[in-house]
Amino acid sequence: MPQSGPAAALGKCPVCGEAVVERPKSFSCSGRECRFVIWKTIAGKRITARTAKTLLDRGQTSRLEGFQSKAGKPFSASLKLIDGQVKFSFDQD
């Protein structure tokens, strides 16, 4: 049976402070005017709700494996929130 009512919040939007909720293709801000989004697939890698929650709570993830460049080459990186956008971070931890 489908869940009724509002979706469970994963965390607060780094842009406007509203709840970030899971949608079919993304984890998105529930604010009507806000466009913050974490896509469920980034560079060929599936992003889980747990990873999205970590990103929202800590501002970055640990190094993740399984990304694929546009040229088809595999790479690893952490995800980081910078100015309300999800970016790759290649810094050595």
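Reader: Is cysteine 13 buried or exposed, and at what relative accessible area?

Author: In this predicted model local features need pLDDT of at least 70, side-chain atom pairs count only at pLDDT 80 or more, and totals for chains, interfaces and linings use all residues. Residues are numbered from 1 along each chain as its sequence is written, and side-chain values use heavy atoms, with hydrogens and water left out. Burial is judged with a 1.4 Å probe on protein chains only, where under 20% relative accessible area is buried, over 50% is exposed and anything in between is partly exposed. On that scale cysteine 13 is buried, its relative accessible area being 5%.

Reader: How many disulfides does the structure hold, and how far is the sulfur of cysteine 13 from the nearest cysteine sulfur?

Author: A disulfide is a covalent bond between the sulfur atoms of two cysteines, and it is assigned here to a pair of cysteine sulfur atoms within 2.5 Å. The structure holds 0 disulfides, and cysteine 13 is in none, the nearest cysteine sulfur being that of cysteine 34, at 3.6 Å. Cysteine 34 is likewise in no disulfide, with the sulfur of cysteine 13 as its nearest, and it counts as buried at 16% relative accessibility.

Reader: Which side chain makes a polar contact with that of serine 26, and at what distance?

Author: Serine 26 lies in strand S3, residues 26-29, where strands (E, at least two residues) are DSSP runs numbered from the N terminus, and serine 28 has its place in strand S3 as well. Both residues are buried, serine 26 at 6% relative accessibility and serine 28 at 10%. A polar contact is a pair of N or O atoms within 3.5 Å, of which, within protein, one must be able to donate a hydrogen and the other to accept it, while residues adjacent in sequence count only if both atoms are side-chain atoms. The partner of serine 26 is the side chain of serine 28, at 2.6 Å.

Reader: Which residues does serine 28 touch, not counting residues up to four places away in sequence?

Author: Contact means heavy atoms within 4.5 Å. Serine 26, leaving aside its neighbours within four places in sequence, is in contact with Val21, Val37, Ile38, Trp39 and Lys40. For serine 28 the residues are Ala19, Val20, Val21, Arg23, Phe36 and Val37.

Reader: Why is the pair of phenylalanine 67 and phenylalanine 75 counted as stacked?

Author: Rings of Phe, Tyr and Trp (its six-membered ring) pair if their centres lie within 6.5 Å, and planes under 30 degrees apart count as stacked, over 60 as edge-to-face and the rest as tilted. By this rule there are 5 aromatic pairs. The rings of phenylalanine 67 and phenylalanine 75 have centres 5.4 Å apart, and the pair is stacked because their planes lie at 20°.

Reader: How are the rings of phenylalanine 75 and phenylalanine 88 arranged, and which residues do ring pairs link into a cluster?

Author: The ring centres of phenylalanine 75 and phenylalanine 88 are 5.3 Å apart with planes at 75°, so the pair is edge-to-face. This pair links distant parts of the chain, 13 residues apart, with phenylalanine 75 in strand S8 (residues 74-82) and phenylalanine 88 in strand S9 (residues 85-89). Phenylalanine 67 counts as buried at 1% relative accessibility, whereas phenylalanine 88 is partly exposed at 33%. The residues linked into a cluster are Phe67, Phe75, Phe88 and Phe90.

Note on methods
Helix = DSSP H or I, 4+ residues; strand = E, 2+ residues; numbered from the N terminus.
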